[in-house]
Amino acid sequence: MTGPASDAIVVDHLSKQYKKLRAVDDLSFSVRSGRVTGFLGPNGAGKTTTLRMLLGLVTPTSGNATIGGERYTELHEPIKHVGAVLEASSAHRGRTGRNHLRMICRAAGLPDSRADETLELVGLTPAGKRKFKGYSLGMKQRLGIAAAMLGNPRVLILDEPANGLDPEGIRWMRDLLKALAAEGRTVLVSSHLLGEMQVLADDVVIVAAGKLVRQGPVDEVLGSMGTSQVRVRTPQPAELTTALTSLGASATPQADGSLLVSGAEAAAIGHAAFTASVELHELVAERGDLEQVFLQLTAGMAGIR
Ligand SMILES: Nc1ncnc2c1ncn2[C@@H]1O[C@H](COP(=O)(O)OP(=O)(O)OP(=O)(O)O)[C@@H](O)[C@H]1O
């Protein structure tokens, strides 16, 4: 699968006004192909509204959202370009998962064989002949992804796809989305699971109160916040703390007996310990985590509007 290396999704000065509420407020960001992009924000930040505008389900008050340079509503055979999972799929209760997919295939002019191929892709083959009413939430999520993949689209847009999945299901979803991105597809996924996003996403777009807060590669966003700390283990914590204080760094004792040091790089800490004849048993630089950074970036902007 080859796609343009350029931005696959472009959101350009997009706004949506609902009466007095500006749900999305002059929002601009772009999403690259071949990568998983996490779309993050506190409750009510405007994520779902943005995704719905991207998919032509909500009309923007102003601005533009395009996929491969075109608005969704202008795409010829959109099912072949964009697959979307906005909420756990709904289907006729008495219909089997396989028949549900086959009906979509027929309506879209796709061969029936795609139903079985996508059931296989999402690991639902054994349940394909069971009725939808017996599906668990996790199975419904998988069926939603199968439906989104029927047209073999280059772009996938998923709103909280991990909802209702157990840990094994979340891991499965992570592997699938990473594999789809590795094939060159564009994967945009909204989620509240920041720990999961830190592992899954290559890039993040963080919004709050309808506005862009930060976008970029996860590593850059984490690095830019200066949240990195160094974990140190020593049998002489008091001496080390004194040595670090003269460096301008601070050391906080942890429940497991280690010290968490901020304000100095690992090399400087090692050197300070060496000069003070302090023995070290562990010296590990820890990356700040996405949850910390997210809370810092969106502080005061969270909450129901
Ligand atoms: N059809 C609508 N009419 C009026 N207000 C709406 C409508 N749809 C969404 N809103 C409001 O717009 C704001 C943004 O909602 P949206 O669902 O886009 O946020 P979100 O980031 O997806 O939130 P969550 O993480 O809670 O799902 C909210 O305050 C919501 O109540």
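Start by selecting Ile-9, Leu-54, Ala-146, Ile-157, Leu-177, Val-187 and Val-204: these residues have the most contacts inside the largest nonpolar core, which has 70 residues. A nonpolar core here is a set of buried Ala, Val, Leu, Ile, Met, Phe, Trp, Tyr and Cys residues joined through C-beta atoms within 7 Å. A residue is called buried if 20 or more other C-beta atoms lie within 10 Å of its own, exposed if 12 or fewer, and partly exposed in between, with C-beta atoms placed from the backbone. Helix H4 gives the most to this core, with seven residues.

This is a predicted model, in which local features need pLDDT of at least 70 and side-chain atom pairs count only at pLDDT 80 or more, while totals for chains, interfaces and linings use all residues. Residues are numbered from 1 along each chain as its sequence is written.

**Helix H4**

Select residues 137-149, which form helix H4. Helices (H or I, at least four residues) and strands (E, at least two) are DSSP runs, numbered from the N terminus. The 13 residues of H4 should span 18 Å at 1.5 Å a residue, and the end C-alpha atoms are 19 Å apart, which agrees. That expected span is 1.5 Å times one less than the number of residues. Ten of the 13 residues in H4 are buried, among them Met-139, Leu-143, Ile-145 and Met-149.

Go next to Val-204. Not counting residues up to four places away in sequence, Val-204 touches Thr-37, Gly-38, Leu-40, Met-197, Gln-215, Val-218 and Val-221. Two residues are in contact if their C-beta atoms, placed from the backbone, lie within 7 Å.

Now select Pro-217, in strand S9 (residues 211-217). Is Pro-217 buried, exposed or partly exposed? Pro-217 is partly exposed because 15 other C-beta atoms lie within 10 Å. Leaving aside neighbours within four places in sequence, Pro-217 is in contact with Asp-202 and Asp-203. The C-alpha atoms of Pro-217 and Asp-203 are separated by 4.0 Å, although the two are 14 residues apart along the chain.

**The four-stranded sheet**

Show strands S10 to S13. They form an open sheet in the order S11-S12-S10-S13, with antiparallel pairing; two strands pair if DSSP finds at least two bridges between them. The edge strands, each pairing on one side only, are S11 (250-253) and S13 (282-286). Neighbouring strands of the sheet are turned by 25° against each other on average, direction ignored. Axes are lines fitted to C-alpha atoms, for helices over the stretch in contact, and angles run from 0 to 180 degrees between N-to-C directions.

Five bridges join strand S10 (residues 229-233) to S13, and Val-230 has Ala-285 in S13 as its bridge partner. Helix H8 (residues 237-245) packs on the sheet, touching S10, S11 and strand S12 (259-262), and its direction makes about 155° with that of S11. Helix H9 (residues 266-275) also packs on the sheet, touching S10, S12 and S13, at about 160° to the direction of S13.

**The whole model**

Zoom out. The protein has ten helices and 13 strands, and its C-alpha trace spans about 75 × 45 × 35 Å along its principal axes. The average pLDDT, the predictor's confidence in each residue from 0 to 100, is 90 for the protein. Over residues 1-5 the pLDDT is below 50. Where pLDDT is low, the predicted coordinates should not be read in detail.
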